[in-house]
Amino acid sequence: MDYAQRRRLQSQETERKILHTALALMRERSFDEVSVRDICKAAGITTGAFYHHYPSKEALLEYGFAPLDDYMRSELEGREAERPDQRLWRLLSAYGRFMEGSGELIGRYYQQRIAHPDSKSMDSSRYTLRAMVDCFRQAEAEGILAPGHSPEWVADFCFRHFRGVVVDWVLHGYAYPLLPKMEEDFRLFVPLFHI
């Protein structure tokens with residue numbers, strides 16, 4: 001690995017460390033109670049390093065779902081042999097647990113998305129969406145996906161639905177347990193699989 005590659009890798013690791021540290025602190029306290037200085041101290045970096053990677057604390061919210069992809073990857077790793085419907089539920093339940101664990105940050109994230117609709121949310125390069133597409137592609141390849149729509153369309157529809165469940169949970173002030181609601185709604189998706 002040459003010098004430029006090492007520097008790029010080191011920069012990515014620092015960004016990830018800042019993001020994971022910030023989100024962990026914000027889960028312990030709240031977004032407003034955590035300062036850039038708190039983040040830097042906990043991450044063991046300078047404020048200059050923070051601002052080199054992120055223009056503001058608010059900007060962290062836009063990148064805040066990179067840890068979601070890491071979490072989802074770890075939850076699905078080694079599960080390729082599971083049936084597509086089982087992996088889809090594993091994916092959705094991990095998504096729900098991550099959201100419940102993030103609480104107020106999810107509300108902040110969606111406030112920012114509404115205020116700045118041009119920011120990225122769920123693009124096709126994200127692990128979470130790709131894993132969902134893979135579940136439906138596997139179901140199609142095994143002949144157990146209900147006909148009528150492509151695996152990509154079904155995955156997009158499924159993701160939009162469950163993101164909507166999370167938004168509804170936020171709008172209701174986190175007043176109900178998210179995971180049981182997601183499980184109840186997942187049962188509506190089970191008929192997509194002819195098992």
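1. A polar contact is taken here as a pair of N or O atoms within 3.5 Å, where, within protein, one must be able to donate a hydrogen and the other to accept it, and where residues adjacent in sequence count only if both atoms are side-chain atoms. At the start of α1, a side-chain oxygen of D2 comes to within 3.3 Å of the backbone nitrogen of A4.

2. The model is predicted, with local features needing pLDDT of at least 70 and side-chain atom pairs counting only at pLDDT 80 or more, while totals for chains, interfaces and linings use all residues. Residues are numbered from 1 along each chain as its sequence is written, and side-chain values use heavy atoms, with hydrogens and water left out.

3. The protein chain has 10 helices and 0 strands, helices being DSSP runs of H or I with at least four residues and strands runs of E with at least two, numbered from the N terminus.

4. Helix α1 (residues 3-28) has 26 residues and should span 38 Å at 1.5 Å a residue, which agrees with the 37 Å between its end C-alpha atoms; the expected span is 1.5 Å times one less than the number of residues. Its buried residues (under 20% relative accessible area, 1.4 Å probe, protein chains only) include I18, L19 and L23, and what covers the buried residues of α1 includes α2, α3, α4, α5 and α7.

Conventions:
Buried < 20%, exposed > 50% of the residue type's maximum accessible area, 1.4 Å probe, protein only. Contact = heavy atoms within 4.5 Å.
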